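Please keep the sequence and the coordinates at hand while reading.

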Amino acid sequence: MKASDNDLVTFVLAYMFPLIGLTETKIDVLAIGFAILLLFLIVMSTHAYQTNPLLALFGYHFYEVEASNGVTYFMLSKQEIRATTDVKQVKLLSPFVVLDSTR
């Protein structure tokens, strides 16, 4: 099983992109707040964790791994993994996200 709903963020951003071209000079705080809330809810309700640049700033690497039972997970790791034997232990953060806790 693999989470495949992470493209939703891309579609929502594509649909919201024309709003940038509006010539209105007044900033609508409610519209911006709604857009931020909508994106937050989409990222939290879908499995679009890879879109989080803050994790990359903190030195995390992102991997898609498949467990021996066939389930695909999104794995976060502080180390750069070159072989599957580099991962000794993981912790489950959510139904589809694991954290490499080898160190």
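## Basis of the model

The model is predicted, and local features are therefore reported only at pLDDT of at least 70, with side-chain atom pairs counted only at pLDDT 80 or more, while totals for chains, interfaces and linings use all residues. Residues are numbered from 1 along each chain as its sequence is written, and side-chain values use heavy atoms, leaving out hydrogens and water.

## Fold and sheet

The protein has three helices and four strands, which follow the pattern α-α-α-β-β-β-β along the sequence; helices (H or I, at least four residues) and strands (E, at least two) are DSSP runs numbered from the N terminus. The strands form an open sheet in the order β1-β2-β4-β3, with mixed pairing, where two strands pair if DSSP finds at least two bridges between them. Strands β1 and β3 (90-94) are the edges, each pairing on one side only.

Between β1 and β2 the pairing is antiparallel and runs over six bridges, and His61 has Ser77 in β2 as its bridge partner. Of the 103 residues of the protein, 20% count as buried, which means under 20% relative accessible area, whereas exposed means over 50% and partly exposed in between (1.4 Å probe, protein chains only).

## Aromatic rings

One aromatic pair is counted, under the rule that rings of Phe, Tyr and Trp (its six-membered ring) pair if their centres lie within 6.5 Å, with planes under 30 degrees apart counted as stacked, over 60 as edge-to-face and the rest as tilted. The pair is formed by Phe62 and Phe74, which are stacked at 5.7 Å centre to centre with 15° between the planes. Because Phe62 lies in strand β1 (residues 61-66) and Phe74 in strand β2 (residues 72-77), the pair ties together parts that are twelve residues apart in sequence. Phe62 is partly exposed at 30% relative accessibility, whereas Phe74, at 11%, is buried.

## Surroundings of Asp100

Asp100 belongs to strand β4 (residues 97-100) and is buried, with a relative accessible area of 11%. Leaving aside neighbours within four places in sequence, the residues in contact with Asp100 include Met75, Ser77, Gln79 and Val90, contact meaning heavy atoms within 4.5 Å.
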